[in-house]
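Reader: Please take me through this model step by step. I would like to start with the rings.

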Amino acid sequence: MRRSQRRHRTVTAYWNDDTLVVQIPARMTREEEKHWVAEMERRLLRPGGRKTAPPRASDAALLARCALLGAKYLEGKALPSSVRWVPPMRTRWASCTPVDATIRVSERLQRVPQWVLDYVLVHELAHLREPGHDAAFWALVNRYPKTERAMGYLEGLSAAAGWGISEED
């Protein structure tokens, strides 16, 4: 949150690495501040919005996002011990090792929309409960409402870039 004496009416927001920065007029009340922080966060993270997931989001931000998604879509029963960004993988968007509950996410996903990254995280979290790609696994993944849409997005991205990344991990 940044208050500015020179700013009189406008509110702006942007990502600085994995931190949301909201600039408001100094004269705003705490209630107005709270409203505008929530509103600007909603705008920057909305599906189909111009802004994408925060570039270079930290590993800690990924872990926090996994906790939120796991609680929302997997009853809180899929908690990773660590989640981290890794250099681009040749054939995968992400991977999970259920034995030690670790998730690795390709840096190629740092600039996709938040809803696409969320799908990949839900997919990997589901592996913590169901290691294979059987019907039980897909039943968990399909709790995320934008699964098909995100899969199509990733397929198109891979094809357009010539990466040859498949949905199977």
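**Rings and helices**

Reader: How many aromatic pairs does the count come to?
Author: This is a predicted model, so local features need pLDDT of at least 70 and side-chain atom pairs pLDDT 80 or more, while totals for chains, interfaces and linings use all residues. Residues are numbered from 1 along each chain as its sequence is written, and side-chain values use heavy atoms, without hydrogens and water. Rings of Phe, Tyr and Trp (its six-membered ring) pair if their centres lie within 6.5 Å. By this rule, the count is four.

Reader: Are the rings of W93 and W163 stacked or edge-to-face?
Author: Planes under 30 degrees apart are stacked, over 60 edge-to-face, and the rest tilted. The centres of W93 and W163 are 5.9 Å apart. Their planes stand at 75°, so the pair is edge-to-face.

Reader: Is W93 buried or exposed?
Author: Buried means under 20% relative accessible area, exposed over 50%, and partly exposed in between (1.4 Å probe, protein chains only). W163 has 29%, so W163 is partly exposed. W93 has 6%, so W93 is buried.

Reader: At what angle do the axes of helix α3 and helix α5 cross?
Author: Helices (H or I, at least four residues) and strands (E, at least two) are DSSP runs, numbered from the N terminus. Axes are lines fitted to C-alpha atoms, for helices over the stretch in contact, with angles from 0 to 180 degrees between N-to-C directions. The axes of α3 (residues 114-129) and α5 (residues 147-161) come within 9 Å. They cross at roughly 105°.
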